[in-house]
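Thanks for making the time this morning.

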Amino acid sequence: MIAKLLVENISQILDYVQEGIHIIDDTGKIIYYNKFAQKIDEIDREKAVGRHILEIYPSLSHDTSTLLKVIRTGKPIFDVEQTFVNYKGDKITTVNSSIPLKSKGATVGALEISKDITEVRKLSEKIVELQNELYSADNNGKQKEKRTAGFTFVDIIGQNSQMLKLKSLALKAAGTSSPVIIYGETGTGKELFVQSIHNASPRRNKPFIAQNCAALPSNLLEGILFGTVKGGFTGAEDRPGLFEVADGGTLLLDEINSMPLELQAKLLRVIQDKTVRRVGAIKTTKVDIRIIAATNVHPEKAIEDKLLRKDLYYRLNVVSISIPELKDRTDDIPRLSDYFIQKYNRLLSKNIKKIDEEVMELFMEYSWPGNVRELEHLIEGIATIYDTDIIKLEHLSSQILSQVSQGDGSPGSNCHPETSRISFTDEGSLLHNLNKKFLINAENDKNKATISVSLKTALETMEKEMIQEVLTATEWNITHTAERLDIPRQTLQYKIKKYGLKEK
Ligand SMILES: Nc1ncnc2c1ncn2[C@@H]1O[C@H](COP(=O)(O)OP(=O)(O)OP(=O)(O)O)[C@@H](O)[C@H]1O
Ligand SMILES: [Mg+2]
């Protein structure tokens, strides 16, 4: 019944789709045209239906029309970029997927779905143009200022032993032109490392360009990276790509795991041959660029999930930098906090002097899903809102505490599966549990100061009980207890002392 209704009303339904849909028969005659297609082409569908496709798209030909190609070959085409001039003379770029419509094995027509990317394309071409302008010589033949990467190694705060090793490795890598792959969760400082490598390298006075591979549809990304030559099929213009614009400098390919695999194969060729071939070109151009790839998915996981080609990974893996999450380098938290306090005191003319001890304790236990960026934003937020010389628990009530109360990013949300028994999120939120236990009535956050104090006592009592419980369960095995509670051993030992816990 519903299926029948659907079929009967399919043409009205397709009018709600925000992508152009065209259907032609095997002679090339348009038999269906949805509302969005009408918008892209700026043509009334009454005028289009019944006419040959090339009559409606005079800038296309038998060879360049994807729909006619599908009729000829009987094979689907996916995600092909097409640029054409519509009836009103506007240049439109679409990404098309076309599939043959078959009856008893014969192709009787073809359906095409077109996504209008005209604006995205214009913007991305503009970016390459601007980059090119920025790095080319001015009218007097003088080279313009090349440095666009602002950070250097001194901007990377951190004395955690792992971070020190990474900084030293990155500094060594800066002296070479080897490719680098950087892995780290969001906000761990990947871009900071990449810019620092560029600025410490002999390429420092040459371009530094960062391109996010997840930001653009694949066809567009290919044109942006490799450049294009004036060509019939795609309707593209002669343009250099970022590989050429970045010549002599460094190109950061961010979120490399979002780059389509075919493009990754082409990238591998650029790294190996040190040449690029613009899309549609015959000749190749020599380029001298250092490629740095960044990913926030672990490379091995990305390979397993078929998001990253193994051969490309091995080529990039000459220098591999894996930045630890902030929760795994808590010894840097006080230093980073101080650094951000100084920074925002200066920028916002504030006078924060220190962080209360109990706030720091919370910082040490919190899981920081947004890593250093989250810590920076937190301090920036407090410096913006409050005029205080000490950052206290009450300043966090709407930030970390609310996240902890939802179990989002709380230590509990990171528990190992076998310890989920004590997860904060298991039987409701932490706050919910605390409310039950201590009958705290938050009264819609009316009196923040009182709640914060009560909450603190409540948190401590609960924490003490939990630690005691797990210590008993593990027969006072410190390593196992720390693992189960998902806190560092040092933190556990500190807390055992703080609460005066003793083995019975
Ligand atoms: N070690 C550090 N010292 C000082 N500032 C840092 C450090 N690490 C990160 N930051 C700051 O944190 C913010 C995020 O850093 P960055 O942009 O390098 O992260 P990212 O790893 O590239 O994140 P994403 O994956 O989300 O792009 C920046 O404002 C940066 O200045
Ligand atoms: Mg980044």
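I will begin with the surroundings of the ligand and then turn to the strands. Please keep in mind throughout that this is a predicted model.

Around ligand 1 there are 15 residues, and those that come nearest are Thr-186, Gly-189, Lys-190, Glu-191 and Val-372. Two elements give two or more residues to this shell, namely helix H9, which spans 190–199, and helix H17, which spans 371–385. At least three residues of the shell come from domain 2 (120–322), and at least three come from domain 3 (340–498).

Now to the open sheet, in which five strands are arranged in the order E7-E10-E13-E6-E14 with parallel pairing. Strand E7 (208–212) and strand E14 (319–322) stand at the edges, and because each has a single partner strand, one side of each is left without a neighbour in the sheet. From one strand to the next, the twist averages 15 degrees. Within this sheet, strand E6 (residues 180–183) is joined to strand E13 (residues 290–295) by four bridges, and Ile-182 has Ala-294 in E13 as its bridge partner.

Finally, there is an antiparallel pair, in which strand E3 (residues 77–85) and strand E4 (residues 91–103) are joined by seven bridges. Phe-84 finds its bridge partner in Ile-92 of E4, while five residues lie between the two strands of this hairpin, where Gly-89 takes a positive phi near 90 degrees.

Notes: Residues numbered from 1 in each chain as written. Chains lettered and ligands numbered in written order. Predicted model: local features only at pLDDT ≥ 70, side-chain atom pairs only at ≥ 80, totals over all residues. Near = placed C-beta within 6 Å. Domains from an automatic or database assignment. Pairing = 2+ DSSP bridges. Axes fitted to C-alpha atoms, helices over the stretch in contact; angles between N-to-C directions.
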